[in-house]
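This report describes a structure of protein chains for a reader who is new to the subject. Please keep the sequence and the model in view while reading.

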Amino acid sequence: MTARVLVGVKRVIDYAVKIRVKPDNTGVVTDGVKHSMNPFCEIAVEEAVRLKEKKLVQEVVAVSCGPQQVQETIRTALAMGADRGIHVEVSGKDYDSLGPLQVSKILAALAKKEEASLIILGKQAIDDDCNQTGQMTAALLDWPQGTFASELVIEGDKVKVVREIDGGLETIKLNMPVVVTADLRLNTPRYATLPNIMKAKKKKIANMKPGDLGVDMTSRVEVLRVDEPPQRQAGVKVESVEDLVSKLKEAGRI
Amino acid sequence: MLFSKILKSGVGTALRFQSNAVAASARAATAVKGSHGGFSFDLTDQQKEFQEVARKFSREEIIPVAQDYDKSAEYPVPLIRRAWELGLMNAHIPEDCGRSIFNRMKIKLHHICSFVIIIMTQNGVCVYSSWKQISVPVPGGLGLSIFDACLITEELAYGCTGVQTAIEANSLGQMPVILCGNDAQKKKYLGRLTEEPLMCAYCVTEPGAGSDVAGIKTRAEKKGDEYIVNGQKMWITNGGKANWYFLLTRTNPDPKCPASKAFTGFIVDANTPGIQIGRKEMNMGQKCSDTRGITFEDVRIPKENVLIGEGAGFKIAMGAFDRTRPPVAAGATGLAQRALDEATKYALERKTFGRVIADHQAVSFILAEMTMKVELARMAYQRAAWEVDQGRRNTYYASIAKAFAGDIANQVASDAVQIFGGNGFNSEYPVEKLLRDAKIYQIYEGTAQIQRLIIAREHLGKYQQ
């Protein structure tokens, strides 16, 4: 199989960190804060590497958009088993306004350039929770999409995806090339072992700019203000069901 | 068929040559960076990644089961296997200590008509031909620096020092072979450890001689091409689980013979007839680590298993310590850091007199002193590890690091129990285990008192120059 897989990975604030809003309410504090690969992107990389191990795909290419620091994230993908990386340099104002629209344009351009037949992304990033990049990328490429995948099977030139939807599980069959977004139960990502980390240093990361791909980075979205969620108010204990109903009526809830 | 196999392994060698060259240049780059920029506290990206893997393994896989292993005192086989798979064990084994795959194909070679392969190796170009036995090493260990190994050890010790000691005892047992073994010994005994998660042990201490290594009584008598060993060893970590031992014996029975000539170091397979493994000792702490007495009764060791030569044993045994004391200090630091973190977390949750106890200066001062000790212990072991990686003799720093880290680990663990109050004394809370585990750090790998002897000797020696 000459299939090439493109995996998008995003560098986000680590899930264990307590997020703080900047004093000027323009965003969250990122300086000096621990960052790591988005958990859903880890699952996507793991799936791609497993496909390569089963010899269903030939090459796994990890892509990330952002400033110099995203190279760490690409290196983690390489240490997990990706073959090479592509770093699309986006910094400064462009990085602040980078969103699913720009990233999906970049991924679409790269998919054409690299002649990829499969794009696997995390279903959403834990910092913006957009859940849009996969869908937009598929639309721009006019490719079928299998989102919220909890199972992915390649059968010849078709892909069978089991999707986790509100009503349960949905199984669909898609013609390649496809875009798949990974959900939590797709797999458990592996550790990068020490020998793999050392091997990853030899693997290549190509650098390019959005301009090289002909992508317009202007954002259609402007962030006006960022606030912390309101503090949880203390509740009130009631003695009986009648009390509860009357209190709810008082508050105008029923 | 054979040709394509050789070609593949030749390619393997070529790739390994690349990785060796890259690894070597990476190490050189780090060393150059250090010497140009002067003293630096920065970790390289690779060191940070290694630390991340060790930290993740420790927090996610060791900590959840550490209490259970402490209660059952069972040897943590699954954890050791996992650490081996991730490359966290046997970090010191050099990269070229794999085993020759062609040992198994010796017989087939003579069927092939002549061919010649030119293979690029680290040492230059080697030409192998069909009428000579071809040896292509299988990739071996990671060849990490002592500093890298210390970073990993500190993270593992944070999880459980019992598990970490079981893993660390491997490094102690291997060190004489890594430093002083000949090629055949390294390939045979170190190669085994990289192919499967096997353990090894360092057999020096006896029931009657611990600190006084020169007083050991186990004797080895040469008979033809073998040595016959008789004696008893005690407190051997991994004693019951090891595949092979580094054994120190007295080969010269003359009491006037100086220590530097009287002892010999051997590599002994654990299944050699005559080796009786004692019962597992139940210790105060680090309970899951396997510690035993071992009796040698007319054990025959081939002369090929002598390290360096007869009489060189004392130097080998002592030389290993400069490389193994920094990781032990790192382990003690990891334990101290854990005690500090647990105590801090508790101090921010527990309330007395209307405030969290961390607000009371008496408690916050204890935490401050614990923090001072942990930070300084870390700097001490890092300096000791860095010195030996630079190629210098680090005895002075290694002893300071081990002595200090062992002492503060006990103090910090005791303070942590104090901060937990009544809860700290109870086995449902994590700190009493830390206090029990910490004590051994003032005893093994050179007692706190021996360390002071060494430091005084080194210090006064410097002054008298």
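Over all chains, a search of the whole structure finds 39 salt bridges. A salt bridge is counted when a side-chain nitrogen of Lys or Arg lies within 4 Å of a carboxyl oxygen of Asp or Glu. As a general principle, side chains of opposite charge can pair when their charged atoms come close. The model is predicted: local features need pLDDT of at least 70 and side-chain atom pairs count only at pLDDT 80 or more, whereas totals for chains, interfaces and linings use all residues. Residues are numbered from 1 along each chain as its sequence is written, chains are lettered from A and ligands numbered from 1 in the order in which they are written, and side-chain values use heavy atoms, with hydrogens and water left out.

| Residue | Partner | Closest N and O atoms |
|---|---|---|
| A:Arg4 | A:Glu59 | 2.6 Å |
| B:Glu85 | B:Arg82 | 3.2 Å |
| B:Glu221 | B:Arg219 | 3.7 Å |

**Salt bridges within the chains**

The salt bridge of A:Arg4 and A:Glu59 links distant parts of the chain, since A:Arg4 is in strand 1 (residues 4-8) of chain A and A:Glu59 is in strand 4 (residues 59-66) of chain A, 55 residues apart. Helices (H or I, at least four residues) and strands (E, at least two) are DSSP runs, numbered from the N terminus. A:Arg4 counts as partly exposed, at 23% relative accessibility, whereas A:Glu59 counts as buried, at 18%. Here buried means under 20% relative accessible area, exposed means over 50%, and partly exposed lies in between, with a 1.4 Å probe and protein chains only.

In chain B, B:Glu85 and B:Arg82 both lie in helix 3 (residues 77-86), three residues apart, about one turn of the helix. An α-helix has 3.6 residues a turn, so residues three or four places apart point the same way. B:Glu85 is partly exposed, with a relative accessible area of 38%, and B:Arg82 is partly exposed at 24%.

B:Glu221 pairs with B:Arg219 in a salt bridge. B:Glu221 is partly exposed at 38% relative accessible area, and B:Arg219 is partly exposed at 41%. Elsewhere, salt bridges that share partners join A:Arg4, A:Glu59, A:Arg84 and A:Glu114 into one network.

**The interface of chain A and chain B**

How many residues of each chain are in contact across the interface? Twelve residues of chain A are in contact with 20 residues of chain B, where contact means heavy atoms within 4.5 Å. The two chains bury about 1,500 Å² between them, 67% of it on carbon and sulfur atoms. In chain A, the residues that lose the most area to chain B are A:Tyr191, A:Leu194 and A:Met198, together 49% of what that side buries. Buried area is the accessible area (1.4 Å probe) that two parts lose on being put together, summed over both.

Helix 6 (residues 194-200) of chain A supplies four residues, the largest share of the side of chain A that touches chain B.

**The two chains**

Chain A has seven helices and eleven strands. Its C-alpha trace spans about 70 × 45 × 40 Å along its principal axes. Of the 254 residues of chain A, 45% count as buried. Chain B has twelve helices and eleven strands, and buried residues make up 53% of its 465 residues.

**Helix 11 of chain B**

Why is helix 11 (residues 431-438) of chain B described as largely enclosed by the rest of the structure? The description applies because seven of its eight residues are buried. Among these buried residues are B:Val431, B:Leu434 and B:Ala438. The cover over the buried residues of helix 11 includes helix 2 (45-72), helix 5 (161-180), helix 8 (313-349) and helix 10 of chain B.

B:Asn410 is found in helix 10 (residues 395-420) of chain B and is buried, with a relative accessible area of 12%. Leaving aside its neighbours within four places in sequence, B:Asn410 is in contact with B:Leu435, B:Ala438, B:Lys439 and B:Gln442.
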